[in-house]
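Please read these notes with the model open beside you.

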Amino acid sequence: MNSNIAASPSVGGKIFIDSANTSSEVIRLDDSEIIGMLFDRDERVIAELSRKYGSYCTSIANNILRNREDTEECVNDTYMKTWESIPPEKPKLLAAFMGKITRNLAIDRYRRDHSQKRGGDDMELIFEELEECVSDGSSVEATAERREILAAVNRFLGKLSSKNRIMFVSRYCYCESVHDIAARFGIKENNVSVSLNRTRAQLREYMKKEGYEL
Amino acid sequence: MRSSELFDILGEIDDKYFEEAKQPDVQHGELIVAESSPFRSFMSIFAPIAACAAIIVAVVIGANFVSKNAGLVGPNDSDSSSDITLSSDSSTVSETESSVSSTESSSDSSAPMIDDNKIRLEDYPPIVLDTVPDLKGSGLETQMSQQDKLLKKATLATLKCGEYELYMLGRDIHIDKSDDPLCLYSYYMELAVVKDGEVISSDGPHTFSVSMHQGGYQLAPFDLPNYLEYYELNGGNLVVFKYHEPGQDELWDYECTFFTIADDGELRLLMGDSSGIGGDSIGLAAYLHEGYTVDSINNTLTDGDFIYKFNCENFGLNPYDAVHFTAEMNLDLSKYPMLDMEQVPDIAEITDWEQCLSKATLAEKQVGYYTLSLIGEKIRSPKQVDPNIILVENVRTVVSHSGKIVYIDESSSLESDINYFDDEFMTAYEMNYGVVFKLPNSSTGEECFGLVKGDQMIKFDGDLTATYGVDPPAEYDEHAEPIVIAEENALILYNALKYTFDFSTSSFIASYTGAEPLILAEYSTYDKNRTDYQNKAILEEKDSAGYKFYLLGQNAKNSLDNYDEMRGTTFSVCSFTKLIVAVEKDGRLIANTDVYNPNTGHDVEMIGQLLRPFEMKDGIGFVLYWNLETSGGNPYAAIYKLENNTITQLKYEMDFAPAPATGSPFIIEPDYTVDAENNTIVYKPYDGEEVTLTLDFANNMFSMS
């Protein structure tokens with residue numbers, strides 16, 4: 001271990017940041033230790049969550065909200081929601097758990113803020129693209145049916161190639177722009193659009209075969 | 001299901017898929033985004049704006065020869081230097097750094113991750129090109145699959161900036177000699193302000209083409225020092241990050257972002273107003289050409305006909321309230337006199353650019369209210385070969401009205417006969433209500449049309465939904481001449497794709513249309529007992545409001561005696577490849593339109609009930625069912641209006657934001673009633689309360705209550 005690491009309170013044998021000594025080098029705790037802190041109701045875990053998943057949550061919120069203040073608030077709310085949810089929840093993948101919370105909070109805020117206005121932003125594009133997968137404006141009320149649809153969507157995702165799946169999830173779950181996805185894969189935006197277009201069509205077709213009219 | 005519900009469901013997918021698609025910087029355990037940077041999110045906020053601005057700004061000319069008079073300084077004229085020698089025999093950056101250990105503990109994947117967002121220069125030794133890993137590939141795939149082989153961190157360039165030094169830092173670096181030995185890949189980059197060996201502040205380069213640090217930068221390895229420039233201004237300073245990918249044939253030389261270094265060493269991104277050159281009111285990227293000059297007294301950067309004025313007093317302020325720079329057009333059309341061939345030198349008699357005719361207007365034409373001027377520079381002619389041929393650089397169309405320039409298109413080089421300049425103008429279509437300009441393709445590759453509003457060129461918002469998922473018709477011909485239907489404000493491209501423009505809303509709708517007229521006589525009554533192809537069948541024929549409505553099917557084919565396992569009965573299905581609704585009045589065909597229907601197999605028994613014309617107080621139209629089944633199922637339908645011999649699909653404005661209005665099919669129970677006086681369609685779902693659809697004929701919309 002690096003001897004330069006400042007002595008700080010320790011959790012599970014690891015050293016983590018002391019808020020009063022922000023210049024100290026820090027060892028990132030693993031998820032089980034962070035969850036352990038949450039179960040112990042150790043408030044310092046918020047700093048740990050921020051340090052480990054701050055940029056991750058920020059990027060998700062920012063993809064949706066495109067506003068610094070809203071993004072910051074949303075990420076802070078994510079920490080609080082995580083604090084409130086664990087326990088009793090004990091997620092296997094903390095990143096995905098927090099990512100989903102961020103996404104839900106961000107989209108709630110987005111809907112609230114955009115209830116009276118329409119702009120040409122990327123979220124509208126995402127909704128518009130997903131329009132191609134659905135057939136009508138009726139609502140899926142039944143939780144059971146919703147669960148079944150989710151299971152079918154997961155099965156569908158499992159059938160995709162890794163690359164197509166990452167593109168699809170990046171676009172419709174993380175709400176990344178086509179531009180950013182293209183940049184990640186080192187391909188042209190048009191190729192991403194074509195891939196997404198095909199995957200949407202495949203999803204619609206797959207769900208139809210599975211007996212779900214989205 | 002609503003698209004928003006599908007979106008919500010996608011938010012609940014299996015964690016492993018969520019995990020898989022995480023950004024690689026998080027996957028590999030390193031924080032990239034310094035959340036404390038107040039300007040970082042501006043990048044993403046204004047990325048779309050910057051994209052638009054990029055198109056408009058990317059019109060400036062190439063080489064400029066602006067003399068360096070007093071007060072004009074060229075790039076790096078200040079005390080600037082790069083301490084890095086990009087060869088294998090040099091590895092020193094500075095005394096400060098060379099004395100520091102180059103231990104890369106943080107890049108050792110097996111070691112605990114040290115992560116406090118601090119940049120330590122000792123982790124970034126100066127790059128030595130000969131030691132950069134040679135790995136095949138680029139982008140995310142290389143980043144993920146060869147993570148352990150990449151050069152983790154290196155200093156790519158440094159520049160003296162007053163009392164500070166600016167470092168260009170790269171991470172996850174490699175080169176792919178098999179593809180291009182003159183392209184250095186750095187997956188991440190950071191600019192850091194350094195004083196006395198300590199990083200004071202840092203920020204990403206904010207390039208638009210490689211946004212948010214993701215995706216990988218492509219750099220010219222032997223030109224790294226030239227990515228940074230520093231200028232002392234009158235009341236401030238200016239850092240220019242000049243990004244250019246080797247081998248890319250762009251219309252500009254550099255995609256630039258501007259920064260300033262505050263007194264306390266903070267690196268601040270500058271954001272500016274480009275509306276003066278037809279761009280947006282705030283943006284990041286400036287696309288500059290080699291040879292631009294900076295006037296450090298007047299705080300301007302001049303690039304050909306564009307001039308960027310820096311407001312040093314605003315540098316520390318929120319750009320929403322006080323922009324950091326403004327971009328203005330510096331083009332003076334009076335400096336482009338009409339072409340006089342006698343002034344054009346013979347190419348055989350000149351030896352350098354200076355001897356060419358410097359500037360001229362090659363041609364002018366009027367399109368609607370607008371004057372289109374074709375201008376060019378460095379004009380010469382191979383007169384001894386053909387005196388009518390000229391060669392011109394920086395040829396552009398300038399759109400102006402009432403003497404005010406509203407748009408300049410991309411520049412290009414030209415070799416043309418002076419009698420055929422018409423082909424070189426930017427494409428413009430004159431319609432009844434205005435002029436549609438064809439702008440350079442957007443990044444999506446789709447057609448991009450513009451109109452002038454408020455002395456600015458803006459893009460038409462396009463609705464291409466009617467063409468999504470639809471195979472282009474046989475008439476589609478990429479080489480077909482455009483057809484302008486001015487009275488309809490419409491344009492037909494490729495003989496099949498019809499754009500109808502709405503100048504009031506700056507929007508268009510697009511649909512495929514058959515170029516050949518529909519001939520009803522070629523269609524025969526549908527025979528549900530036939531099992532061979534009926535190429536052109538009249539599926540339904542209805543009378544309403546003095547009109548005769550036809551539902552026509554092409555390549556109709558019946559499949560009889562399909563077995564329904566659920567009900568234990570047989571049923572017949574009619575399939576077809578194309579559906580058309582045609583309307584006849586007084587025996588004359590007045591309108592027809594292709595109708596998109598993904599459901600290509602129909603219950604034969606329900607044919608006859610799909611097309612349902614109506615007449616209401618404010619208009620006439622029809623409901624067209626996408627599917628009706630004797631066994632039940634959701635009866636999806638779309639609603640159309642007929643007005644001025646044109647069939648238009650009405651859109652439904654979702655009652656939740658932000659979904660846009662959609663022409664997607666809607667469940668309309670088949671036993672609906674029409675309330676003509678109130679322009680409504682009323683029905684009761686099998687499990688819900690009565691639904692009223694109110695049609696708004698004027699706005700092509702309908703709403704539900």
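1. Chain A exposes about 9400 Å², and 47% of that comes from carbon and sulfur atoms. Accessible areas here follow the Shrake-Rupley method with a 1.4 Å probe, and for residues only the protein chains shown count as cover.

2. This is a predicted model, in which local features need pLDDT of at least 70, side-chain atom pairs count only at pLDDT 80 or more, and totals for chains, interfaces and linings use all residues. Residues are numbered from 1 along each chain as its sequence is written, chains are lettered from A and ligands numbered from 1 in the order in which they are written, and side-chain values use heavy atoms, with hydrogens and water left out.

3. Chain A contains 9 helices and 2 strands. Both terms refer to DSSP runs numbered from the N terminus: helices are H or I with at least four residues, strands are E with at least two. Read from the N terminus, the order is β-β-α-α-α-α-α-α-α-α-α.

4. Of the 214 residues in chain A, 55% are buried (under 20% relative accessible area, with a 1.4 Å probe and protein chains only).

5. Helix 4 of chain A covers residues 94-113, 20 residues in total. From first C-alpha to last, helix 4 reaches 28 Å, close to the 28 Å expected at 1.5 Å a residue; the expected span is 1.5 Å times one less than the number of residues. Helix 4 is mostly covered, with 15 of its 20 residues buried.

6. A:Gly54 lies in helix 2 (residues 45-65) of chain A. A:Gly54 counts as buried because its relative accessibility is 0%.

Note on methods:
Buried < 20%, exposed > 50% of the residue type's maximum accessible area, 1.4 Å probe, protein only.
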